[in-house]
Amino acid sequence: MNYAVIKKNDIANGEGVRVSLFVSGCRHHCKNCFNSEAWDFSYGEPYTFQTEEEILSALTPGYVAGLSLLGGEPFEPENQGAVLSLVKKVKEALPEKNIWCYTGFLFENIRDGKVGEWSVANTLLSYIDVLVDGKFVEELKDLSLLFRGSSNQRILDVKASLEKGEAIWLDGSWQRNMGSGNIYDK
């Protein structure tokens, strides 16, 4: 797997300060994608053991809330193995950190084995706390939405979704506790 960039103090791709890994390779090719250079699987740098160590080290400060996985496409079959290795290590070493993942695939398609190798994709899904799913759709672009680019995309509580067997929206209660109301369209 290759990756496009690692952002070590990202505040745009999930709750709080985050370390964000942008993997390379995506077949969705969404119209006006903000990161179209990362569609190419060979774009960027090779993902290595040292890359993984750099990410783990960047996650250790207490002010960092967690890891965000973006792309490219983390759930492309070519990327699943390396991404799974990373999320396992994050949860083992830093269980208090949450993991957000952005994917153009739908939760239901990942869960039902329609994305790559079923066992790998579902194991990867089980390590993710929040999934922002659905392709970016230019015609549904909405700059007022937090953590997503178009209104068709969903912000899902993965643990609750896996337990219930259906997509469960993250309720935004952490945002309400900060006094700004529910930020998610349901």
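Contact here means heavy atoms within 4.5 Å. On this criterion, in the predicted model, Glu52, Ile55, Leu56 and Leu59 of helix H1 meet Ala82, Ser85, Leu86, Lys89 and Val90 of helix H2. By class, this contact of H1 with H2 comprises six nonpolar residues, one polar residue and two charged residues. Two packed helices are described by the angle between their axes and the distance between the axes. For H1 and H2, the axes come within 11 Å and cross at roughly 35°, and H1 passes H2 in a right-handed crossing.

Helix H2 also packs with helix H4, at an angle of about 30° and with the axes 9 Å apart. Here the crossing is left-handed. From H2, the residues Gln80, Gly81, Val83, Leu84, Val87, Lys88 and Lys91 take part, and they meet Val120, Ala121, Thr123, Leu124 and Tyr127 of H4. Seven nonpolar, three polar and two charged residues make up the contact of H2 with H4.

The largest nonpolar core contains 34 residues, of which Leu21, Ile55, Leu67, Leu69, Phe75 and Leu131 touch the most other members. At least two residues of this core are supplied by each of the strands S1 (2-10), S2 (17-23), S4 (64-70) and S5 (98-103), and likewise by each of the helices H1 (49-59), H2 (77-93), H3 (107-111) and H4 (118-127). Helix H2 provides the largest share of this core, five residues. Apart from this core lies another, of nine residues, including Tyr102, Val130, Ile155 and Leu170.

When residues up to four places away in sequence are not counted, leucine 69 touches Leu21, Pro74, Val83, Leu86, Val87, Ile99, Trp100, Cys101 and Tyr102.

Cysteine pairing was examined next. A search of the whole structure finds zero disulfides. For cysteine 30, which is in no disulfide, the nearest cysteine sulfur is that of cysteine 33, 6.1 Å away. Why is the sulfur of cysteine 33 too far from the closest cysteine sulfur for a bond? A disulfide requires a pair of cysteine sulfur atoms within 2.5 Å, whereas the sulfur of cysteine 33 is 6.1 Å from the closest one, in cysteine 30, and is therefore too far for a bond. The accessibility of each cysteine was also computed. Cysteine 30 counts as buried because its relative accessibility is 12%, under the limit of 20%. Cysteine 33, at 23% relative accessibility, counts as partly exposed.

Conventions. Residues are numbered from 1 along each chain as its sequence is written. This is a predicted model: local features need pLDDT of at least 70, side-chain atom pairs count only at pLDDT 80 or more; totals for chains, interfaces and linings use all residues. Side-chain values use heavy atoms; hydrogens and water are left out. A nonpolar core is a set of buried Ala, Val, Leu, Ile, Met, Phe, Trp, Tyr and Cys residues joined through side-chain atoms within 4.5 Å. Buried means under 20% relative accessible area, exposed over 50%, partly exposed in between (1.4 Å probe, protein chains only). Helices (H or I, at least four residues) and strands (E, at least two) are DSSP runs, numbered from the N terminus. Axes are lines fitted to C-alpha atoms, for helices over the stretch in contact, and angles run from 0 to 180 degrees between N-to-C directions. A crossing is left-handed if the near helix is turned anticlockwise from the far one by less than a right angle, and right-handed if clockwise. Ala, Val, Leu, Ile, Met, Phe, Trp, Tyr, Cys and Pro count as nonpolar, Asp, Glu, Lys and Arg as charged, and the others, Gly among them, as polar.
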